[in-house]
Amino acid sequence: MILEHALLSVTPAKVEEFESAFGQAEAIISSIPGFLRLRLSRGLERPNVYLLLVEWEELEDHTEGFRQSCRYQEWKDLLHHFYDPFPLVEHYAPVREV
């Protein structure tokens, strides 16, 4: 399992619109082979910053299967215009779990 981590800084005036659009985007990403689950959390100290955690079976399920699919363009069209600045996306492999 690979964990994708992204901090999403959303333009403050557009947080409600972002959350609505993200609801639509969930159907896109969850249709990709290798997708396991996701969690979107909203910051308490900075309510316009969201933490996106997505679990994938393999790194390539995200970097190739999703990012190189036609569905990714739909995802981009729904979400990318909300970000300022554009998020850094990183991937993590489990070391320990309790």
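Visitor: How many bridges join strand β2 to β3?
Guide: The model is predicted: local features need pLDDT of at least 70, side-chain atom pairs count only at pLDDT 80 or more, and totals for chains, interfaces and linings use all residues. Numbering starts from 1 along each chain as its sequence is written, and side-chain values use heavy atoms, without hydrogens and water. Strands (E, at least two residues) and helices (H or I, at least four) are DSSP runs, numbered from the N terminus; two strands pair if DSSP finds at least two bridges between them. Strand β2 (residues 35-42) runs antiparallel to β3, and the bridges joining them number seven.

Visitor: How many of the eight residues of β3 are buried?
Guide: Buried means under 20% relative accessible area, exposed over 50%, and partly exposed in between (1.4 Å probe, protein chains only). The rest of the structure largely encloses β3, because the buried count among its eight residues is six.

Visitor: What is the angle between the planes of Phe 18 and Tyr 50?
Guide: Rings of Phe, Tyr and Trp (its six-membered ring) pair if their centres lie within 6.5 Å; planes under 30 degrees apart are stacked, over 60 edge-to-face, the rest tilted. That rule gives ten aromatic pairs. Phe 18 and Tyr 50 form a tilted one, 4.8 Å centre to centre, with the planes at 55°.

Visitor: How many residues apart are Phe 18 and Tyr 50?
Guide: Both residues are buried. Phe 18 sits in helix α1 (residues 15-29) and Tyr 50 in strand β3 (residues 49-56), so the pair links distant parts of the chain, with a separation in residues of 32.

Visitor: Why does the pair of Phe 18 and Phe 82 count as edge-to-face?
Guide: Phe 18 is buried at 0% relative accessible area, and Phe 82 at 1%. Phe 18 lies in α1 and Phe 82 in the loop between α3 (70-79) and β4 (89-92), so the pair ties together parts 64 residues apart in sequence. The ring centres are 5.7 Å apart, and the pair is edge-to-face because the planes stand at 75°.

Visitor: Within what arc do the buried residues of α2 fall?
Guide: Helix α2 (residues 59-66) has Asp 61, His 62 and Phe 66 buried. Seen down the axis, they line one face of the helix, because they fall within an arc (of the directions from the helix axis to the C-beta atoms) of 95°.

Visitor: Which elements do the buried residues of α2 pack against?
Guide: Contact means heavy atoms within 4.5 Å. The elements packed against are β1 (2-9), α1, β3, α3 and β4.

Visitor: What is the relative accessible area of His 81?
Guide: His 81 belongs to the loop between α3 and β4. Its C-alpha atom is 8.9 Å from that of Val 10, 71 residues apart along the chain. His 81 is partly exposed, with a relative accessible area of 45%.

Visitor: Which peptide bond is cis, with omega near 5°?
Guide: Pro 85 is in the loop between α3 and β4. The cis bond runs from Asp 84 to Pro 85.
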